[in-house]
Amino acid sequence: MSTTIGSGASESDGTNTQNAVPVLGDIRQRRPRLIRRVGPPIIVVMCCVGIWYLVSYFGLSPQQRFLLPPPNQVVEQGFLNWQNFHQILEALRSTGTVALIAFAFSSLIGMTFAILMSEANWIERSFFPLAVALQTLPFLAIVPLVGFWFGYDFQSRIIVATIVSLFPIITNTLFGLKSVEPAHADLFRLHHATRWIRLWRLKLPSALPSIFSGLRISAGLCVIAAIVTDFFIQSGTPGIGGLLDLFASELESERLIAALIMTALLGIVIYLVISAVAHRVIGKWHSSYQRPLGDD
Amino acid sequence: MTAPVSQTNKADIAAPHVAGPILRFSNIAKTFRDGTAALADVTLEVQRGEFIAIVGPSGCGKSTLLRIASGLSPATRGQTESSYTSLGYVFQDATLLPWRTVGRNIELLATLQRRPKKECEELVRYAIELVGLTGFEGHYPKTLSGGMAMRTSLARALTLKPDLFLFDEPFGSLDAITRERLNEELLRLYAIEGFTGVFVTHSISEAVYLSSRVVVMCGRPGRVVKEYSVPFGYPRSPDIRYGADFAAISRLVSEELREVYG
């Protein structure tokens, strides 16, 4: 008698239990997968180092060897010499700080603008063309003007990096906010959800996947902009860009290459951090989401 | 066989006017902005507590009629009168929010209506039990089968204890067996909750099995061409689908539809 309630569920959820099995299997298989994921890039890196040695010792005469010193010298000079390494770290910190502050600003400003644009058509119509124009402006061109106005200083580097990284956040957030499924919008309208509720409970969560892809692009741009502006604005603690410039002019190729490797690491770390945050926030429900290290 | 039947008194208490139609369309016409005429002169009454099915070819305005009934889109001409206190609406897709778990999806409408937290929780628990989703509260929609997703969608609508329930081809994309099973479940819910049902579908057997009245519409622009009353009472045994009476009515509806399709 009372079994009628929900009696049908157990049969039709057969597919569901089947779905659950591979998920468990996924956890069990994680170890071999990790090797499969990390192994190939490590082999490629080792091959590169091998070629590097070959070129350095057999491709170049001892007089030319300063152009590409062998890896062990780079490690010795750049990483194991604390004074040199410290200099690189300091520069990296300076550049990283610029990039992070700019990233925070552009995320905040970009998302706010995108939300305003999605809520009021006239704001979008009046400001979006400007945002596009801002994007097409080569950012090196604005460095002198920004420096002229705000001084060739820390703050100018932040301003330039912010302007450069703003656009991807605006467009991606706006795209996400506008691509709410019509049926979902109907559901909220049917139950008289206010504009604020629709934004908070429907539009923003729907937009999260595209917001994250915007954040990832603009984080990369922040780092690039912070490094490039270092070339032009070199007061205070030199950034990594300034340092690269300096090493190149002094023919310090070991330290130049070491600084380059550290710069690449900075970029990778920022990318991984954002991917990890994205995975934590939307990985549970967003099916097309990719893991930080390749898809699986 | 099934749980205590007959109308629960809930609907009668909720309704100020017990007698009379819960929904009435008078000469409804709808023309879309691009000039397409979706509906022309539809007049239809739905009595409180009855379960009607609307069948017709694609594009005959069945869904549009439901959208007008719910207030989602206005009619171009004609009048809609309704006297429901709470509206349930199940769409073609389950329309679950992918970032919410099953439990939180079911909770959504009650939260949108700013019910107190305790009441929300109670309504959710009630609805989850009703559709047999106990144990699935923590699952995300992407892990659900089509049938489970539709159950979740039904449960979400049931939390509001609707006295008028609109179904817009809810089971259209499900496989035959899941569909039959959900039809049986729906009749059981109808018996327990005593709502008024308006069910849009392509399937003749689904229409006849569920409803006490089958309304046949034709398209371009949409009109009601014929109504058939279904002589089976409630509760209904799943076996009536294989009886001769059922086949006879299905055939009538089918012949009418063939004419409509041309």
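Biologist: What separates the centres of domain 1 and domain 2 of chain A?
Modeller: In this predicted model, the centres of domain 1 of chain A and domain 2 of chain A, taken over C-alpha atoms, are 27 Å apart. Domain 1 covers 11-68 and domain 2 covers 70-282.

Biologist: Why is Ile22(B) called buried?
Modeller: The cut-off is 20 or more other C-beta atoms within 10 Å. Ile22(B) has 23 within that distance, so Ile22(B) is buried. Leaving aside neighbours within four places in sequence, its contacts include Val46(B), Tyr84(B) and Leu164(B). Ile22(B) lies in strand S1 of chain B.

Biologist: Why are S1(B) and S2(B) said to pair?
Modeller: Pairing requires at least two bridges. Strand S1 (residues 21-31) of chain B and S2(B) have seven bridges in the antiparallel sense, so they pair.

Biologist: What makes S2 and S4 of chain B edge strands?
Modeller: The open sheet of three strands runs in the order S2-S1-S4 (chain B), with antiparallel pairing. Strand S2 (37-47) and strand S4 (77-82) of chain B each pair on one side only. From one strand to the next, the twist averages 15°.

Note on methods. Residues are numbered from 1 along each chain as its sequence is written. Chains are lettered from A and ligands numbered from 1 in the order in which they are written. This is a predicted model: local features need pLDDT of at least 70, side-chain atom pairs count only at pLDDT 80 or more; totals for chains, interfaces and linings use all residues. Helices (H or I, at least four residues) and strands (E, at least two) are DSSP runs, numbered from the N terminus. Axes are lines fitted to C-alpha atoms, for helices over the stretch in contact, and angles run from 0 to 180 degrees between N-to-C directions. Domain bounds come from an automatic or database domain assignment. A residue is buried if 20 or more other C-beta atoms lie within 10 Å of its own, exposed if 12 or fewer, and partly exposed in between; C-beta atoms are placed from the backbone. Two residues are in contact if their C-beta atoms, placed from the backbone, lie within 7 Å.
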